[in-house]
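Here's a quick tour of some side-chain contacts. Have a look at the model first, and then we'll go through them together.

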Amino acid sequence: MTRQSVAKAHEKIQELSWEPAYHEPVSQYGTDYTFSKAKKKDPLKQVLRSYFPMEEEKDHRVYGAQDGAIRGNMFRQVQPRWMEWQKLFLSIIPLPEISAARAMPLLFRTVPNPELHNGQAIQMIDEVRHSTIQQNLKRLYMNNYIDPAGFNSSLRNFQNDYAGTIGRQFAEGFITGDAITAASVYLTIVAETAFTNTLFVAMPGEAAANGDYLLPTVFHSVQSDESRHISNGYATLLMALSDESNHQLLERDLRYAWWNNHCVVDAAIGTFIEYGTKDRRKDRESYAEMWRRWIYDDYYRSYLVPLEKYGLTIPHDLVEESWNRIWNKGYVHEVAQFFATGWIANYWRIDPMTDEDFEWFEHKYPGWYDKYGAWWENYNRLSVPNGHKPIAFEDVDYVYPHRCWTCMVPCLIRQDMVMDEVDGQWRTYCSEGCHWTDAVAFRDTYEGRQTPNMGKLTGAREWETLYHNWNFADIVKDMGYVRDDGETLVAQPHLDLDPKKMWTLDHLRRCPPFPSPNVSLNEMTDSERQAFHSDYVRQGPAGRPAPAE
Amino acid sequence: MTATQEPVPTQTERSVPKPVFTDAEAGAREFPDSNLRRFNYFIPRKRKQSHYEDVTVEVQPDPRHYLSQGWLYGFADGKGGYPLEWTVLKAWGSDRPEPKRYPGSGGQGYEWPAHGWHEFRDPNEEWEQSIYRNNSNVVRQLNQNVDAARQSKAFDQWNPNWVQFVAQHVGAWMHVDHGLGLYLFANANRRGPTNMHNTAISVNSMHRIRSAQDLALYNLTLSEEIAEFDGEAHLRTWQEDPAWQGVRGVAEQLTSTWDWAEALFAANVVFEPLVGELFRSNLVQQAAPGNGDFVTPTLIGAAEYDYAERDLRYTKALFQPLVADKEFAEHNTRTMQSWLEAWVPRCLAAARTLQPLWSQPDAKPPRFEDALDRAKSRFGGILAELGLRNPKELNQ
Ligand SMILES: [Fe+2]
Ligand SMILES: [Fe+2]
């Protein structure tokens with residue numbers, strides 16, 4: 001068998017599928033897209049008898065590197081600043097991976113071309129690979145890095161913390177709602193084709209610069225499967241495009257998927273790369289520079305724009321606005337500042353920024369220091385408990401933000417905040433794009449057209465609601481973010497592991513109760529709400545209160 | 001912003017900073033949690049948590065225990081995640097409502113695991129390393145066997161009508177593997193309530209799809225090696241041969257089953273022993289050697305091993321606890337007995353329509369009735385292990 005050509009082998013396995021004569025396979029997922037049954041080419045041309053050994057070979061390299069890293073005591077040279085953010089990242093990412101596996105069957109009946117199903121099944125098992133290989137990496141970190149707290153409680157934290165919730169969209173969005181919106185547009189066409197570059201190429205580069213060469217080994221191995229998944233997505237996209245009645249839905253879904261991915265992925269990965277690194281050489285690319293290259297040039301200009309020749313309107317405005325948010329509106333900096341403000345709700349430690357960091361930020365993002373410098377100096381000043389409260393409860397010129405109902409990242413670019421009553425509830429949104437996603441896109445009609453298969457935004461989307469008026473010591477206990485002495489917090493606003501310098505539940509007891517912004521918003525009178533809104537949009541940057549009028 | 005302010009990306013490879021000693025290795029100092037080096041959010045099956053558990057348990061969250069904000073995205077009916085009602089079977093705790101969230105509710109759900117579904121562990125402990133190691137071993141072994149056979153001209157030893165038998169009937173089975181692999185097993189990897197269920201099911205799916213491809217590529221080799229071998233006969237046999245229409249009908253019906261647990265049960269507990277093993281172990285494996293064929297049994301044997309030693313093993317571990325469930329044993333047993341009443345006659349009918357195959361090879365395998373009896377008694381043994389009764393339909 002080994003001498004058979006790949007092409008011949010691949011052609012042969014096309015004989016496997018058949019037209020049912022007695023019973024149709026079960027149809028469990030709906031779509032408002034229409035596909036015609038036409039002969040298609042399997043874009044993958046992958047046969048399992050070469051696939052399995054190929055992946056096994058890749059595994060040998062990964063596990064060999066892991067053995068080597070432990071023997072060579074890699075962790076003596078790993079930057080804790082970087083490793084701490086891995087507690088967040090690696091708590092999130094195994095779920096998106098496994099969700100991609102679970103998403104594949106959504107396409108079986110909705111895209112009636114059996115030639116594509118072989119590739120989808122291989123993607124399914126690829127994703128099982130990715131999820132478990134990443135869990136395994138986290139386990140290795142837990143066992144070998146100095147501070148296992150946050151790794152050891154990883155998947156519980158991921159499920160009950162606001163930060164996990166933000167990341168979870170990049171998983172639940174793959175497996176629910178309109179099957180094509182979810183498993184094709186959101187997952188393969190946007191998340192995998194656009195954003196895996198920042199996840200699986202930019203992140204590993206930064207890891208290596210921080211002394212960790214295992215993350216690159218694992219994630220490059222993961223990324224090498226990705227081009228096949230991108231081909232899966234593209235094949236489905238071309239089929240959808242061939243029916244003109246799908247264009248309206250494709251345009252809707254590209255807008256939603258693009259904007260949500262930007263909100264979520266750029267918030268997280270941008271923060272890891274800019275604030276989780278110790279590498280401050282001026283020649284290292286900033287996240288903005290990487291984004292410009294991989295997402296703007298490689299994805300937007302080389303992949304999305306050419307789709308216009310099929311008559312599709314692509315979301316130029318949203319791509320430009322994403323860039324505008326990253327480059328001019330400080331999106332990543334605002335998010336990092338929020339994560340650090342809210343360190344008490346985290347399950348990792350955040351290192352204060354130093355003069356060297358300031359200098360790098362100013363070099364890469366001119367004007368950074370004027371906006372964020374003073375706040376980070378305060379963060380540093382307040383990092384070791386010394387009679388004061390955590391920074392969220394101290395006066396540092398920062399207004400605790402409201403959360404975006406759609407992407408659940410707070411409304412940090414204050415002037416862009418949108419407030420609206422939707423489904424009988426007053427909600428805040430970080431942007432027009434997120435408001436549109438909730439109020440317009442995730443509905444059962446779209447521009448007058450019936451869209452009965454479109455998904456729904458669900459859940460207790462504002463994390464703070466659950467803890468309305470609680471004391472933070474009780475919140476942290478409720479989430480389980482306390483170390484094994486029953487007192488010391490998992491999260492810390494510094495990296496010093498001297499127990500005398502670490503924050504405990506007692507320190508939090510002295511803080512006032514913590515009201516939910518959204519509950520408070522809904523308790524306001526109309527005029528109070530209007531006043532709140534006009535004040536909020538005059539706040540910032542860096543969370544500063546609105547100037548006196 | 002002006003264009004000149006935009007960062008100009010540099011394509012040059014960055015220099016990597018010099019290593020610095022950070023002393024960030026385990027054990028470098030003592031502090032709260034410094035020795036807590038195990039995942040602490042689940043209770044392991046055995047005293048010590050296994051590597052398999054560490055990489056699979058809790059990856060798929062559950063609003064009944066830790067997932068405090070609930071599912072964030074739903075289908076049009078508002079249901080998100082992995083609804084327990086996607087099967088009629090129930091594990092203890094299934095009927096308790098999802099914990100309510102409201103202002104000030106806190107994040108607590110039920111104590112872990114919240115319901116019995118989370119207690120399932122795949123006894124094969126499948127995760128990435130085992131998946132690729134096992135399947136690569138199979139692939140390598142089959143490649144070697146087929147190459148060796150080709151070099152030693154082993155195919156020349158086959159009886160002429162055995163050539164036809166392999167082309168038609170061994171070939172036809174590839175469609176069963178493919179159809180179930182994709183539309184039953186891969187499909188069900190979206191439907192189970194926990195990550196352990198869905199991961200085990202996806203591995204099962206790959207066994208079947210790989211086996212389908214093994215048979216297809218073997219078929220291709222035989223077309224190249226044996227002049228009289230008709231590489232397209234399997235298509236006509238599968239689509240037109242009356243002997244196969246029973247199997248085809250029941251395979252299609254399996255993929256049309258809505259309830260994932262019923263589909264899995266019907267496929268692995270009923271169809272595979274009564275039809276799959278009947279065909280593989282009690283026909284092909286018995287008839288091949290007498291007809292000069294020592295190669296086909298290695299392919300069929302690989303599929304048989306996957307089923308008997310792995311897929312059936314996790315299937316039993318999945319259903320057994322439900323039969324003995326502390327809250328729903330009766331409900332589950334009744335449900336599974338009713339599935340047996342529905343699927344046993346279908347599978348037996350499919351098995352019987354295969355009977356003409358037994359008389360086709362020159363060197364005959366043991367009698368069909370004996371083969372079927374063996375399959376039935378194997379099936380009865382599986383039911384006994386699960387704590388289920390032989391349905392009366394088995395005696396028909
Ligand atoms: Fe992946
Ligand atoms: Fe948003």
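Which residue does D370(B) meet in a salt bridge? The partner is R367(B), with 3.2 Å from N to O. A salt bridge here is a side-chain nitrogen of Lys or Arg within 4 Å of a carboxyl oxygen of Asp or Glu. D370(B) is partly exposed at 33% relative accessibility, while R367(B), at 52%, counts as exposed. For those words, buried is under 20% relative accessible area, exposed is over 50% and partly exposed is in between, using a 1.4 Å probe and protein chains only.

Some ground rules: this is a predicted model, where local features need pLDDT of at least 70, side-chain atom pairs count only at pLDDT 80 or more, and totals for chains, interfaces and linings use all residues. Residues are numbered from 1 along each chain as its sequence is written, chains are lettered from A and ligands numbered from 1 in the order in which they are written, and side-chain values use heavy atoms, with hydrogens and water left out.

| Pair | N to O distance |
|---|---|
| R121(B) and E53(B) | 2.8 Å |
| R64(B) and E98(B) | 4.0 Å |
| D370(B) and R367(B) | 3.2 Å |

R121(B) sits in the loop between β1 (73-74) and α2 (128-151) of chain B, and its partner E53(B) is in helix α1 (residues 51-56), 68 residues apart. Helices (H or I, at least four residues) and strands (E, at least two) are DSSP runs, numbered from the N terminus. R121(B) is buried at 8% relative accessibility, and E53(B) is buried at 3%.

As for the R64(B)–E98(B) bridge, R64(B) is in the loop between α1 and β1 of chain B and E98(B) in the loop between β1 and α2, so the pair ties together parts 34 residues apart in sequence. R64(B) is buried at 10%, but E98(B) is partly exposed at 38%.

There's also a salt-bridge network, whose members include E55(A), K58(A), R129(A) and E128(B).

Now for the rings. The structure holds 72 aromatic pairs over all chains; rings of Phe, Tyr and Trp (its six-membered ring) pair if their centres lie within 6.5 Å, with planes under 30 degrees apart stacked, over 60 edge-to-face and the rest tilted. One of them is the tilted pair F89(A) and F219(A), at 5.6 Å centre to centre and 40° between the planes. F89(A) belongs to helix α3 (residues 80-92) of chain A and F219(A) to helix α10 (residues 214-223), 130 residues apart. Both F89(A) and F219(A) are buried.
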